[in-house]
Amino acid sequence: MNTKWLHLFLCTLFIGLIISSGFARNPEVSTTTPETNIEVDRLSYLSEDAKKKLAENGFVIVASDWYNIYPNDEITAIYRSCKGRHFPVFVTSDLMLHVSHLLLDWTLRYLELTSLQQDLLNLTDTLLSQSVCYYEQAHDEAVKDAALKNAIYFTIAKSLLKEPSYDNVPENLKSIITRELTLIEDHQGITKSPLFGYKEDYSQYIPRGHYSRSPEFQRYFKAMMWYGRMGFLLAPVRETEDGYITVDEPSALQQTIQALLICKALQESKIKGERALDVWRRIFEISTFFAGYPDDLTVAEYLALAKKIFSEKYTLQDLSDERNVINFIVEARRLRKPQILSTYVTDVSSRAVDWHRQTQGFRLMGQGFTPDAFIFQNLVYDSVRVYTGNPPLPFTAVQKGNVIFRGFPRGLDVMASLGSSLAENILKEEGDTKFVNYAEQLAMLKSKYSSADTKQWRRDLYWSRMWCLRVLLKKPQGNLPPFMKSENWMRKQLNTALGSYTELKHDTILYTKQPYSMAQMALSGPGKGGYTLPPEAVHGYVEPVPVLYDRLREINQQLMAKLKELNFPSDLGLIWNFRSFNQILEQLATISRKELAGSPLDEKEYELIENIGMRVNKLMHFTHHRDITEKFISKMDKKMPVVADVFTDVNSEQVLEEAIGKPDLIFVIANVDGKPKVC
């Protein structure tokens with residue numbers, strides 16, 4: 001799949017100045033100017049236009065590299081520079097969301113490097129050995145063949161985790177392994193898997209996110225992607241010579257036996273005295289906690305059904321009885337079906353066999369179902385169909401033959417589904433809603449997520465982080481500063497939400513299921529010195545969004561509780577960082593509520609605001625385990641720009657990428673000490 005930068009979200013202060021596809025075009029200028037008497041002339045480095053907008057709107061955003069006064073590499077440096085220049089600080093939600101992203105991403109890296117990589121290698125070795133044992137023990141040819149294919153499956157995974165070893169592997173099997181590994185290493189796009197026989201998108205195996213930074217992470221990425229994407233299907237399709245598409249029942253039978261053998265091996269094998277099932281569960285639970293519960297059927301679901309069809313400890317002989325396996329398949333097909341299409345399916349094959357059924361099956365480390373992926377899936381072809389507007393075509397349109405359809409979503413689709421009327425209006429203005437069935441699908445999504453209860457939003461870290469973004473999308477209420485009451489401010493907040501969403505996708509890119517459009521075929525035709533610190537803090541202002549700060553604190557508490565539950569070794573540096581961040585978030589929530597109530601702040605609270613850059617910068621280090629820190633943290637982490645691919649269109653052979661750039665500066669006029677002040 002050829003990667004093309006189709007979407008570039010550059011988030012204000014959080015990241016960059018502009019939003020893709022005209023998001024910030026022709027912004028309305030507020031005529032309400034309650035602070036027009038504010039003295040902004042002392043900001044001599046601001047342009048006259050910037051000063052005018054500051055006075056008119058109560059805030060203005062300028063690129064930090066526009067005038068080369070503030071450092072623009074990373075966000076905490078800007079805050080530290082403000083303190084060094086005695087400039088009143090404005091603590092933004094952007095800063096807190098960015099710090100939360102860094103801490104959560106670093107925690108995941110730490111767990112992967114210190115625990116999960118070795119667990120995955122040990123698990124792979126054990127399941128490979130057990131598969132060979134089953135091959136030697138089985139008398140039935142179907143079971144022997146399934147066990148042999150599992151041995152190939154795990155050999156490929158082991159070869160991705162470490163240097164390939166083909167000792168005692170027959171030449172005909174070695175050929176399958178090397179062909180799969182070549183496809184993974186070349187990662188050119190969609191082609192048929194030599195082992196599984198169905199089409200796979202091998203471009204997904206390009207290490208990205210933090211997994212590109214070292215060979216260890218790259219190997220782990222490829223192996224987990226293999227385990228997360230390659231499925232043992234209950235209804236794979238085949239095409240006959242006359243073009244008729246039907247379910248390939250022999251392949252379904254074999255792949256189901258393979259899945260049942262894997263589940264059996266997990267129950268029966270041990271790794272250094274620990275059940276293989278418990279090792280699998282440790283990897284599975286931490287990945288799903290960060291990135292959502294799998295969209296595909298899991299080990300637990302197959303074991304529960306196997307107990308019903310066979311027994312709790314089923315034998316190889318049980319699997320040799322074809323009637324038993326067929327009964328299992330019949331019952332398994334009644335289980336939940338995937339909601340996200342993450343592979344190549346044509347509308348012709350989908351018409352013959354519904355894609356939800358066609359892609360249903362077992363995956364060893366299935367990738368997570370996430371609300372944004374579900375939104376994307378339901379707002380592209382074939383859930384949303386042909387274009388009904390006029391030229392020029394909108395961003396989301398793809399033309400194939402003489403048919404124009406919605407081949408791409410936008411990040412704004414996610415925000416509109418989560419309740420942003422502004423995002424929905426922008427989509428309408430730019431023609432991205434002019435497709436058959438779009439309005440109905442969006443209405444369904446808005447209803448679904450508006451009715452989700454607190455328990456649903458707290459189910460894992462991914463959902464909780466999306467829940468945080470909803471705070472920014474609601475129109476602020478209460479005793480707010482004037483600059484927070486305009487549509488321009490809502491545009492800034494929408495951009496902040498898009499930037500934070502991009503960082504979330506970057507963090508979880510390995511573990512979340514990426515949605516695909518269906519293949520359209522049927523219809524086609526400061527420095528160390530120079531400043532003297534004042535004796536008292538320079539009074540600043542906190543963006544008053546206390547609910548957001550509370551939710552970010554709750555996310556940290558969720559994570560620490562989960563790590564304790566899973567018995568991961570505690571790390572003092574990690575614990576200190578989260579405790580310190582929680583303390584800051586709690587103080588910011590308190591300050592926000594005081595600001596909204598019009599209550600005065602005390603000097604300690606003003607000191608926190610002034611020193612926020614230094615306080616947060618201390619969280620950017622792990623004070624313990626310095627011997628491994630450099631393996632998963634680098635200077636690049638403090639720089640803002642990241643890119644994450646979030647959607648694949650098989651028709652245009654392009655992917656949708658969200659990106660964020662350098663942080664910008666925001667100047668606001670806020671009420672500090674009872675009078676308007678530029679922060």
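Before the pairing of strands, a reminder to myself: two strands count as paired if DSSP finds at least two bridges between them. I also note at the start that this is a predicted model.

**Entry 1**

I then checked who faces whom. Phe59 stands opposite Val668 in β16, and Val62 has Leu665 of β16 as its bridge partner.

Next I followed β16, residues 665-672, to its pairing with β17, which is again antiparallel and has four bridges. Here I found Val672 opposite Lys675 of β17. The two strands make a hairpin with two residues between them, and in it Asp673 takes a positive phi near 55°.

Put together, the three strands form an open sheet in the order β1-β16-β17, with antiparallel pairing.

I asked myself which way the side chains of β1 point. Phe59 and Ile61 point one way and Val60 and Val62 the other, and all are buried. For β16, I counted along the strand and found seven of its eight residues buried, so to speak a mostly covered strand.

Then I looked for the helix that lies across β1, β16 and β17, and this is α1, residues 48-57. I wrote down its angle to β1 as about 145°.

**Entry 1: the largest nonpolar core**

How many residues does the largest nonpolar core have? I noted 213, and those with the most contacts inside it are Met96, Tyr153, Trp226 and Leu364. Helix α3, residues 93-137, gives the most to this core, with 19 residues.

Leaving aside neighbours within four places in sequence, Leu364 is in contact with Leu127, Tyr153, Phe154, Tyr227, Ile262, Leu266, Trp280 and Val299.

I went to α4, residues 141-161, and took its span: 30 Å from first C-alpha to last over 21 residues, close to the 30 Å expected at 1.5 Å a residue. Is α4 largely enclosed or left open, I wondered? Of its 21 residues, 15 are buried, so α4 is largely enclosed by the rest of the structure.

Just after α8, I spotted Gly292 with a positive phi of about 100°.

I found Thr359 in the loop between α13 (355-358) and β10 (361-362). Buried or exposed? Thr359 has 9% relative accessibility and therefore counts as buried, the cut-off being under 20%. Its side chain reaches the backbone oxygen of Trp355 at 2.8 Å. Not counting residues up to four places away in sequence, Thr359 touches Leu233, Asp296, Pro338, Leu341, Thr343 and Val345. I also took one C-alpha separation: Thr359 and Val237 are 122 residues apart along the chain, with 9.2 Å between those atoms.

Last, I turned to Asn611, in the loop between α23 (603-610) and α24 (612-617). With 19% relative accessibility, Asn611 counts as buried, because the cut-off is under 20%. A polar atom of the Asn611 side chain lies 2.9 Å from the backbone oxygen of Glu607.

Notes:
Residues numbered from 1 in each chain as written. Predicted model: local features only at pLDDT ≥ 70, side-chain atom pairs only at ≥ 80, totals over all residues. Heavy atoms only, no water. Contact = heavy atoms within 4.5 Å. Axes fitted to C-alpha atoms, helices over the stretch in contact; angles between N-to-C directions. Core = buried A, V, L, I, M, F, W, Y, C linked by side-chain atoms within 4.5 Å. Buried < 20%, exposed > 50% of the residue type's maximum accessible area, 1.4 Å probe, protein only. Polar contact = N/O pair within 3.5 Å; in protein donor to acceptor, adjacent residues only side chain to side chain. Expected span 1.5 Å × (residues − 1).
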